[in-house]
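I opened my notebook to go through this structure step by step. Each entry says what I looked up and what I found.

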Amino acid sequence: MPFITEEIWHAIYVGHPPLKSIALAAYPQADERQLDLKAETHMAVLQDLIVSVRNRRAELKAEPKLKVPIQLFVPEPEIRTLIEQNRSAVERQANVEQIAFKDASLAKLPGARHTARFDVHVVYEQKIDLPAECDRLKKDLEKMEKEIANGDRQLSNQGFLAKAPANVVEGLRKRRQELEVLRAKARSKRDELGCE
């Protein structure tokens, strides 16, 4: 809406702008003195922490309203101080109940996230119905196997490949790759739960 921008520009100069139109004015340049690399780095660390916790919560399928505790290992004192100073923002943005700082790496904890600045572990124990989850995984795997077999059958049929549009064939190949990844994850989860 350039006409609104033009009106605002004229209003800023109280009706007496230096040029007839904003379209004739030079594009504003950033003031190098106002750039603060340290502040940008600190903000990136906080954003990375919040995103890591949110992603892990999503993987664990934690209820959105449920506040969960997290454990943090931060080797740099400056970054630890930064997180402590912004504790309430992290707790609010990531829906965290409590932040517990640890003195040793969390690398050996399952599901911990590792970055160059910190390790974070979301403490959440999901209560699952083991037989029902095993049954669900079995059904999912059977469905994936059927879809993979169907895709393989179509991709090995030369008549289909000759007649089908290129985007359809490419879509089948991509879906095949996605199914391989999903199948591997489902098998891993099944083995992790000890399903038969």
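**Entry 1: His121.** I am working with a predicted model. I began with the contacts of His121, leaving aside its neighbours within four places in sequence. Next I looked up where His121 sits, and found it in strand E4. Is His121 buried or exposed? Its relative accessible area is 14%, and the cut-off for buried is under 20%, so His121 counts as buried.

**Entry 2: The sheet.** I moved from the residue to its strand. E4 belongs to an open sheet of four strands. I wrote down the order as E2-E1-E4-E3, with mixed pairing. Which strands stand at the edges? They are E2, residues 96–102, and E3, residues 113–114. Each of these has a single partner strand, so one side of each has no neighbour in the sheet.

**Entry 3: Strand pairs.** I checked E1 against E4 first. E1 covers residues 68–73 and E4 covers residues 119–122. Their pairing is antiparallel, over four bridges. In this pair I noted Leu72, whose bridge partner in E4 is Val120. Then I checked E1 against E2. These two run in the parallel sense, and five bridges join them. Val68 stands opposite Val96 of E2.

I also asked how many of the six residues of E1 are buried. The count is five, so E1 is largely enclosed by the rest of the structure.

**Entry 4: Helix H2.** Now the helices. H2 spans residues 37–60 and lies across E1, E2, E3 and E4. Relative to E4, H2 runs at about 35 degrees.

I then looked at H2 beside helix H4, which covers residues 87–94. Their axes are 9 Å apart, and the packing angle is about 30 degrees. The crossing of H2 with H4 is right-handed. Which residues meet here? From H2 I listed Leu46, Leu49, Ile50, Val53, Arg54 and Arg57. From H4 I listed Val90, Gln93 and Ala94. Sorted by class, this contact of H2 with H4 has six nonpolar residues, one polar and two charged.

**Entry 5: Aromatic rings.** How many aromatic pairs does the count give? It comes to one. The pair is Trp9 with Tyr13. Their ring centres are 5.6 Å apart. The planes stand at 75 degrees to each other, and over 60 counts as edge-to-face, so this pair is edge-to-face. I looked up the burial of both partners. Trp9 is buried, at 10% relative accessible area. Tyr13 is partly exposed, at 37%.

**Entry 6: Positive phi.** Last, I looked at backbone angles. Val14 has a positive phi, near 50 degrees, and is not a glycine. I found Val14 in the loop between H1, residues 2–12, and H2. Val14 is exposed, with a relative accessible area of 67%.

Asn95 is another non-glycine residue with a positive phi, about 55 degrees. Where does Asn95 sit? Its place is the loop between H4 and E2. Asn95 has 17% relative accessibility and counts as buried.

How values were computed. Residues are numbered from 1 along each chain as its sequence is written. This is a predicted model: local features need pLDDT of at least 70, side-chain atom pairs count only at pLDDT 80 or more; totals for chains, interfaces and linings use all residues. Side-chain values use heavy atoms; hydrogens and water are left out. Two strands pair if DSSP finds at least two bridges between them. Contact means heavy atoms within 4.5 Å. Axes are lines fitted to C-alpha atoms, for helices over the stretch in contact, and angles run from 0 to 180 degrees between N-to-C directions. Buried means under 20% relative accessible area, exposed over 50%, partly exposed in between (1.4 Å probe, protein chains only). A crossing is left-handed if the near helix is turned anticlockwise from the far one by less than a right angle, and right-handed if clockwise. Ala, Val, Leu, Ile, Met, Phe, Trp, Tyr, Cys and Pro count as nonpolar, Asp, Glu, Lys and Arg as charged, and the others, Gly among them, as polar. Rings of Phe, Tyr and Trp (its six-membered ring) pair if their centres lie within 6.5 Å; planes under 30 degrees apart count as stacked, over 60 as edge-to-face and the rest as tilted.
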